[in-house]
Structure formats: structure tokens, C-alpha cells
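Hi,

Here is the structure I promised to pass on.

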Amino acid sequence: MEERLKYLIPTMKYIVFMRPVFNTRALFSDETENYVSPMEPKPGDKVKIRFRTARDNVDHVFFISGSMKKRMELERRERKFDYYVIEIETGTEPIHYYFEIQGGRVRCFYNKCGVSKDLQESRAFCIVPGFSTPQWAKGAVMYQIFTDRFCNGDQKNDVEDREYVYIGGYSSRVRDWNKYPAYMGVREFYGGDLQGVMDKLDYLQALGVDVIYFNPLFVSPSNHKYDIQDYDYVDPHFGKIVYDEGTLVPDGHMDNKNATRYISRVTDYANLEASNRFFAELVQEIHRRGMRVIIDGVFNHCGSFNKWMDRERIYEHQAGYRKGAYVSADSPYRSFFKFHNEHEWPYNSFYEGWWGHDTLPKLNYEESPELEAYILEIARKWVSPPYNVDGWRLDVAADLGFSNEYNHKFWKKFRQVVKEANPEAIIMAEHYGDPAAWLRGDEWDTVMNYDAFMEPMTWFFTGMEKHSDDFHIGMLGNADSFIGAMTYHMSRFMAPSLQTAMNELSNHDHSRFLTRTNHKVGRVAQLGSEAASEGIQPAVMREAVVMQMTWPGAPTVYYGDEAGVCGFTDPDNRRTYPWGHEDQMMLGFHRAAIRVHKAYPVLSHGSLKFLYHDYNCLVYGRFSEEEQVIVVFNNNDEQRSMRIPVWEVGVRNNEILRRVLYTDAAGYSEDPVIYRVTSGDIGITLPATAAVVLVKAAEEWEAGRQEAGEEEKDIAAADKNS
């Protein structure tokens, strides 16, 4: 037997090499316009779906959707790849599909998670006829502004000391712009306002911002304004105060019936209308500069100051306002809330609070058609003239009502109202966990991208949890975990949602990314404010910014991140923008990275493919037929060399890759460096904590052009013979 095997084995090797097993690195498809055309079809459209294999490497490619299985036709051949195509006609129902690849007796499947030997329909590609997201939002550079901490442009509208009472204390005006936020500082105000934003539009435009996303702007007693008092009006403390009468609360008094200055400021229609007019002017100016505006919608709960509830009795004796549900059992708003004791009026404090907070009354949609109609009108109002905002960010959107069934019904209505009023408006939800059920084309457009960006990215670069509540050394630099998490969670998006997803390093709910780089576990109450900037690693943050600006989705800068602001989770993450004290290197690097993002359309619309990974090392490509970009990271504390198979994204032998952005521990550079492709690869060596962005150069060396010409002749001859 051994003697026979000695002769059979060489023969078997010869057979294997004559018909090799699949080159799985060449197999590729996704839902971008490169492989689905049109990417966002309407019902009745004909759609071409493509699949890529290595050249002359497979026998058949099948398109499988439900019970249908059709063989795909060979569309064209290139140097390294064959492209198969099928044309299908869409109806009105979603189309779920995947691929089967056959070669001899070998077969495999391909879905959103890549190559599999087993059928995995749950990760199938999906097209929803009629579902599209605004083109302007795909890959848009967004900038999140927490208004009170951005810029004080109008000191006449600043909240005063003892202007009112909230959560057991007086409102306070912070005179020192550079003071760290107090741990329980919900009542302290730095004076940032919309005039301050107007004053800084030149700065935002120069930074490269496409979209401004505002945290809540409506009348509210807190600095964060997630406790809405009046959805119909911009808070005059952010807008304009033209009528300013009344007195401050006398020292020692803890009742807002004495807060007549506050009452006049936020209930007088002269102030409210002036603030709305100014906001409309601001949006108009932002639009004139080619930028867009997204506002925050807090529709799960309101605030105890809200005119519908009026627990503080702010509106009880004001002309033009109806009685709140707390004040009177006969209030037209009684059904807006869930009361548990029907015998307590007037002044019934037994109502449902969000997570038990009596300052955040839970809205009772299921039992109040009037509330639903009111909020839908609010949804329409702000995306319509004269305000014309370009979309909504929805706070804790999946928890709107008391049941998932109702929530899905409501968001379908919300989408219809918003899109009818402004078809180009985007609907973006805050959501933790799998968003797929909400992203089927008839509810939200997309989400704040925690699972498929912020969390895996944070773990890889810092080993930290996004609140700085935990550090895991096993997650730091764990490229396998990063790729697995990203691949899995991105598979829960369709392309229209993924390309518009809000990709943030930091925001108002989590620690600043720069602080996460110091690996300190804890919050400001335990560690103190100074600890947030101790031992930080700006080079690691610059790596993360490179990823943010080259990853699928809408890169979103949290105000001040670009200037080197640190901070633990809220409220410490809500520090003021350090005007005149910016980290100039970090700011310059953000400008450079944004320029790169905007220079290459493939970074907004192209495909993504992982090319190489190792401990603390990662390489991926963003590619289309027209452009190829290679992004390389070495997050180790020592130099690393890598060999990168750039052929997998369509870069050919003898073509040139040009370095357009580079960062390491010493700083950053936009100086060009050239890499030539040999045998389908490039070799690259990066120092510690470094990242580089490479772009296929438009020009090729003469030798490359000559070789490409000879290769084309060989391909033409092979095609003729076949």
C-alpha cells in the first residue's frame, strides 16, 4: 500500500493543481453600487447583482433567493478576476439572497459574513425596493454640538443664578468657561447658545463639516435638555430673549412659583417666537454654506416642567396655556401620561416616570391618540418651512412606548410624516443592540453606530469599555475579535443604512476617546477631573481618527474631540470647547483626515475588505472599480513589518500606491511616499502607534503600463481560445 501511495500522491497533486480548490480570498460581493445596480431600486426596477471570483477558478456561481436558484452568467474577465451577473426584477417585497459557488465536487456559500461551507440564510444579503437614504448623508462628515458647552455668543440669554429650582437646587451661571463640569451639575450653565454656533460657522466650514447635529434645543430646565418642557419652541436661553421681566428666586425659597424671571423667559411668546425665528435664520445660513442640520428628538419621555404635565406650575397661571395634567384632572393632556392614583387631583404626583425618575414623565402613546398626533405634528413641523432641518436623531427610540408592537407602528407613521414633508430628511436613531428589525426600509434610516463601529473600534485601540468602566487586556489589539464583531454587526445593516450610520469616537453619553487611551477605569466621581488627561496617548487617537474617516458610514466628530478635549463619562464628557487653547496638532490632523475622507468617493460609497491582521495590526481596503484605498494600522509599541495582498481589492502589479496621510507617535504627515505593487502585494514597515492611508496613484510607471498592456493581450488571446 505504501508503495502504491508513493506513485498516487504525485498524481493527486497534479490533479489538484489542474483544478485548484477555490481561491476564497478572491470571492466577493456586497450591497454597494459596485455589486448591486441600482443599489436602491424602486419597485419594478431591474437590478443587476454581481459576484466576483478568481479568474478561471470556479465552474458555476448560483444566485439563491428563497426557493429560487439560478445560475449566474459570466459578465466579464479581468486580469485577476471573473465577474458573474444576474438581472432580477424587483417587486414590493424585500429580496433576501446569497450565493453558491461550485467547482468540481467542491462547493461553498457566500453571504454577508463571507465564505461558509454551510448554508447561512440568516446572514443573507437584502434589497428592499423603495428603501433609500439621502445621498447627502452617505459618508457625510457630521459634527455633534452640545450647545451649552460650544460657544457663548449672546450673554444676554444666559441662565442666571437662582433663576429657578430644579432637582433640589438652584440654577447657576458658570463664569469660568474653563471650569470642569460639576459631578451633579445638571443645573449649571456655561452660556453656549445658537449665536455662538453662528459665530463659529467659519470654523466648522474650514474643518470640513457637512452636517451639524445638535443635542436637544427645545425649552428645557437642564443643560442637557433631554427633559423637554415645550417641543414647539427653541429654548430662549439658546435663542433670543426680547422680553425679560420678573425676579429671581429669593435665597432660601425652593418653589418655582417665585421663579418669575424664568417664567417670563420661557413662556412669553415674544421670546419663544424670536428664538424660533433665529433658529430658522441659523439653519438658512448653514444651508447657504452647503451644510445640513440634524436635531434631537426626545419623544420617549418629557420633563416635569413640560407644559403638558406642569408639575412645577410654571404654566398654571399663564395666559395662552391650558392646564397641565398634574394640575387638573380635566387637563386636555391627562391622557398623555399614565397616572396610578385617580383621586389625587389637583396636583397628582402619582405618574409613570422614565426609569422611575419623576422629573422625566413617561409619555403614554398607547392610550392617547392625541399625544401621537401631537408628536407627529412636531416631527413634521421642524423638517418643514421655515425651519427646514434635514433630519431627526431619535433618543432611546426603541423604548418609545410600552410595547415593541406599538413602537414599530409609531415609527412607520413617523417616517411617513417626515418623508412626506421633506423627502431628503434623514431619520437616525439612538439604539443599542441589533438594529435590523428597525432598519427594514419603513421606519428608521439608520442608527448611531455603537455595535458596528464605536465599541469594536474602542476595544481594539484601547482595550477599554466605552464608558471607561472596564479594561480588558485581552481585547486590546485583538484583531480577530475586532474583525469578528465588525463583520457580524455590519451584517445586520443594509447598505443604505450602513453608509449613513453615525460613526463616533466619543459623544455626550460616553467617555472621551482620548481619555480612553490612558486605560484608567472609573468615572469622575472616583478619579477626579484631572485624571482624565493623565497618561493619554494622542497617537492612538490619531489612529482611531484614521479609521473613523476611512470606515463605511458618516464619521461624526463630537465637539472638542478635534481640539484634544478629555473627559470621563457624563457629565465630564461635556466640557467646554477650549477656544484659544486647542491641541493644534490634533486639530490639524482632523482637518487633514477629513480632507482625505472627502477627496475619495470610495470612502463614502465603496466596498470594504480585510486584507491582513495580527496582534495590534490591521489592514483593510476600500475599493471600487475606479478607486482603491489601503488603510494600515500598527497599534503596537514597536515597529512592525507587513506584506499586504492588495490584489484582493483590484490593485494590479506595477501599479503605484501613494501615501496621502501618515501618523505615528511623533506627529503626522501628508507628504507623499510611493509604494510599488509586486506579485500582487506591497511590503510596508510602520513604527509604533502608526497608521497610513494609501491611494492607488492615477499615474503608473512606464514599466507598469507596458506590463499591463502585455497582460491584456494575453487575456484577449485566452478569451478567444476559450
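Below is what came out of going through the model, region by region.

First, the ground rules. This is a predicted model, where local features need pLDDT of at least 70 and side-chain atom pairs count only at pLDDT 80 or more, while totals for chains, interfaces and linings use all residues. Numbering starts from 1 along each chain as its sequence is written, and side-chain values use heavy atoms, with hydrogens and water left out.

Let me start with the cores. By nonpolar core I mean a set of buried Ala, Val, Leu, Ile, Met, Phe, Trp, Tyr and Cys residues joined through side-chain atoms within 4.5 Å. Buried is under 20% relative accessible area, exposed is over 50%, and partly exposed is in between (1.4 Å probe, protein chains only). The largest core has 144 residues, and Tyr143, Phe299, Trp392, Phe414 and Trp444 have the most contacts inside it. Contact, here and below, means heavy atoms within 4.5 Å. Leaving out residues up to four places away in sequence, Phe414 touches Phe299, Leu376, Ala379, Trp392, Leu394 and Ile427. Another core, of 49 residues, lies apart from that one; Phe22, Ile86, Leu611 and Ile644 are among its members. As a general background, nonpolar side chains tend to be buried together in soluble globular proteins.

Now the sheets. Helices (H or I, at least four residues) and strands (E, at least two) are DSSP runs, numbered from the N terminus, and two strands pair if DSSP finds at least two bridges between them. Eight strands make an open sheet with parallel pairing, in the order β24-β23-β22-β19-β16-β11-β26-β25. Its edge strands are β24 (446–447) and β25 (502–504), each pairing on one side only. Inside that sheet, β19 and β22 run parallel and are joined by three bridges, with Ile295 opposite Trp392 in β22. Helix α13 (residues 538–550) packs on the sheet by touching β25 and β26 (554–558), and its direction makes about 140 degrees with that of β26. For such angles, axes are lines fitted to C-alpha atoms (for helices over the stretch in contact), and values run from 0 to 180 degrees between N-to-C directions.

α13 also packs with α8 (residues 450–462), at about 145 degrees and with the axes 11 Å apart. On the α8 side the contact uses Phe453, Met457, Phe461 and Thr462, and on the α13 side Val540, Glu543, Ala544, Met547 and Gln548.

What does α6 pack against? Its buried residues pack against β17 (218–219), β18 (230–234), α5 (269–288), β19, β22 and α7 (404–421). Those buried residues are Leu371, Glu372, Ile375, Leu376, Ile378, Ala379, Lys381 and Trp382.

β5 pairs with β6 (residues 81–89) over four antiparallel bridges, and Leu74 has Tyr84 in β6 as its bridge partner.

Ile101 sits in strand β7 (residues 95–103). At 0% relative accessibility, Ile101 counts as buried. Ile101 and Val58 are 43 residues apart in sequence but 7.1 Å apart in space, C-alpha to C-alpha.

Further along, β30 (residues 640–644) and β34 pair antiparallel over five bridges, with Arg640 opposite Leu686. β34 (residues 682–686) has Ile682, Ile684 and Leu686 on its covered face, and Gly683 and Thr685 on the uncovered one.

Finally, some backbone spots to check:

- Trp345 to Pro346 is a cis peptide bond, with omega near 0 degrees; Pro346 is in the loop between β19 (292–297) and β20 (353–354).
- Pro385 to Pro386 is cis as well, with omega near 5 degrees; Pro386 is in the loop between α6 (369–382) and β22 (391–394).
- Asp56 has a positive phi near 55 degrees without being a glycine, in the loop between β2 (46–54) and β3 (60–65).
- His519, also not a glycine, has a positive phi of about 65 degrees, and at 28% relative accessibility it counts as partly exposed.

Cheers
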